[in-house]
Amino acid sequence: MTSALRFDQIRLPEECERLRHEVRAFLAEEIAAGTFNPHEPQREDTDVPEFSRRVGERGWIGMTWPKKYGGHERTFLERYVVTEEMRIANAPTRRFFVADRQSGPVLLKYANERIKMDIVPRICRGEVCFAIGMSEPNSGSDLFAAKTKATKTDGGWLINGTKIWTTSAHMADYMLAIFRTSPPTKENRRHGLTQFLVDMKTPGITVNPIEQISGLKEFNEVVFQDAFMPDDHVLGEIDGAWKQATSELAYERSGPERFLETYYVLTELVRALGSKPDTRGAEGIGRLVAQLHTMRRMSVSVAGMLQAGKEPVVEASIVKDIGTIWEQQLPHRVRDLAAFIDTDASNHSTLEDQLAFATKIAPKLTIQGGTTEVLRGIIARGLGLR
C-alpha cells in the first residue's frame with residue numbers, strides 16, 4: 001500500500017526558542033568549566049558521566065516521556081531543540097543519547113512494568129548507557145538476515161552468535177538487540193526475529209572493540225556464548241520484532257544528528273573566511289547553508305509528526321539518506337573552499353585538525369543507522385515503486 005509522502009511546514013513555537021536560550025547558557029557554563037571544547041571534534045568514545053547526570057538534572061533526557069517514569073511530558077519539538085544545540089556545541093552526549101532517542105521509547109512501549117519502573121527513571125537521570133544490537137557479520141544493514149540465535153530454555157532464552165558495529169557496547173549497561181527465535185518463512189523473510197533487553201553484565205557476553213582509521217573504538221563486536229536472557233526481557237511479540245524495529249528506526253533516522261555530525265568544519269570555515277569572504281567562499285558557504293536549512297526543515301517536520309503520534313518511516317529514511325550523504329561530503333567541500341585561506345588565519349590549525357578528523361570518520365556516516373541502499377529500498381517501497 002502506497003503511503004503519501006508528506007513534510008508538513010512546522011515552525012518551532014516560542015517555548016522552543018526560550019528553551020534554546022536555556023540550553024545554550026548551560027552549555028556555555030560547561031565549556032567555561034572545561035567539560036569539553038566546542039572547537040574540537042567530539043570523540044565519540046568519550047564518556048563523561050557527570051555531564052550526563054547534569055543534563056538529566058535539567059530535565060533534558062526523556063523529555064517526551066510520562067512523568068510516572070521520570071519523564072517530563074514535553075514535546076518532540078522541544079527535544080529537537082536540545083538535540084540540535086548539543087550537536088552544534090560538540091557536547092559529550094554519548095552516554096545518554098541512544099537511550100534517550102530510541103531505547104527508552106521501546107521500553108515504554110514493550111517492556112513490563114517492573115523493568116520500566118527500574119530502568120526508565122535511571123535513563124532520565126543520565127545514569128545508564130544503551131547500545132543497539134542489530135547488525136551482524138555478513139549481513140550488515142540487512143536486519144532480516146540476522147542469525148544470532150535465541151533458544152528457549154527453562155525460564156528464559158540462551159543467546160549464541162555475534163553482533164557487530166554495536167556503538168558504545170564497550171561502555172553500555174544495556175543493549176536492545178534483535179535475535180532469531182524461529183526460521184524465516186518462504187512467505188515472509190521478516191518472520192522469526194524477537195527483540196530482547198540485554199543486561200551487558202550477563203555472563204557469556206564478550207565485547208571486542210573495533211578500532212577505526214580515526215583512532216576511535218566506539219564500534220564493537222559483541223559475542224554471545226550461552227548468555228541467558230530471562231523471559232521478562234523479551235520485548236513485544238515473539239517472532240514479530242520486525243514491526244518494532246521499523247517503528248524504532250523512525251526515531252533513529254530523522255533527528256538533526258543525521259546531518260550535523262561533521263557540522264563543526266562548516267562553522268570553522270566561516271570563522272577562517274571571516275566577515276568579508278571572497279566571492280568563491282561566499283557562494284560556497286551560501287550553498288552549504290541553504291542545503292543545511294532545507295534538511296533542518298525536513299527534520300523538524302518529522303519531529304512534528306512524531307509529536308502527533310505518527311510513524312514517519314519513509315520521511316525519516318529520506319532525512320537520513322540526504323543528511324548523511326551531505327555530512328559525508330561536507331569535509332571535502334570545506335577543504336576545497338579553504339584551499340586559498342591564508343595560513344596565518346588565527347584558526348587555520350584548528351580547521352586543519354577538524355578536517356583531518358572529519359575526513360576519517362566520514363566513510364561510516366552513510367552506513368551507520370542503515371546504508372544508503374537499504375534506505376532507498378525502504379523509500380521506494382513506501383512510495384509504491386517496488
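How many aromatic pairs does the rule count? The count comes to 7 aromatic pairs, where rings of Phe, Tyr and Trp (its six-membered ring) pair if their centres lie within 6.5 Å, and planes under 30 degrees apart count as stacked, over 60 as edge-to-face and the rest as tilted.

Before the next stop, two notes on the model. It is predicted, so local features need pLDDT of at least 70 and side-chain atom pairs count only at pLDDT 80 or more, while totals for chains, interfaces and linings use all residues. Residues are numbered from 1 along each chain as its sequence is written, and side-chain values use heavy atoms, with hydrogens and water left out.

**Stop 1: an aromatic pair.** Select Phe179 and Phe196. They form a tilted aromatic pair, 5.5 Å centre to centre with 45° between the planes. Phe179 is in strand β4 (residues 174-180) and Phe196 in strand β5 (residues 193-199), so the pair ties together parts that are 17 residues apart in sequence. Strands (E, at least two residues) and helices (H or I, at least four) are DSSP runs, numbered from the N terminus.

**Stop 2: the domains.** Colour residues 14-128 as domain 1, 132-240 as domain 2 and 254-383 as domain 3. These bounds come from an automatic or database domain assignment. The centres of domain 2 and domain 3, taken over C-alpha atoms, are 31 Å apart. Their contact (heavy atoms within 4.5 Å) takes 9 residues from domain 2 and 10 residues from domain 3.

**Stop 3: a salt bridge.** Now select Glu218 and Lys364. They form a salt bridge, with the closest N and O atoms 3.9 Å apart; the term means a side-chain nitrogen of Lys or Arg within 4 Å of a carboxyl oxygen of Asp or Glu. Between domain 2 and domain 3 the count is 1 salt bridge.

**Stop 4: two loops.** Select Glu73, in the loop between α2 (49-57) and α3 (76-88). Glu73 is not a glycine, yet has a positive phi of about 55°. Then go to Asp239, in the loop between β8 (234-235) and α6 (241-252). Asp239 is not a glycine either, and its phi is positive, about 75°.
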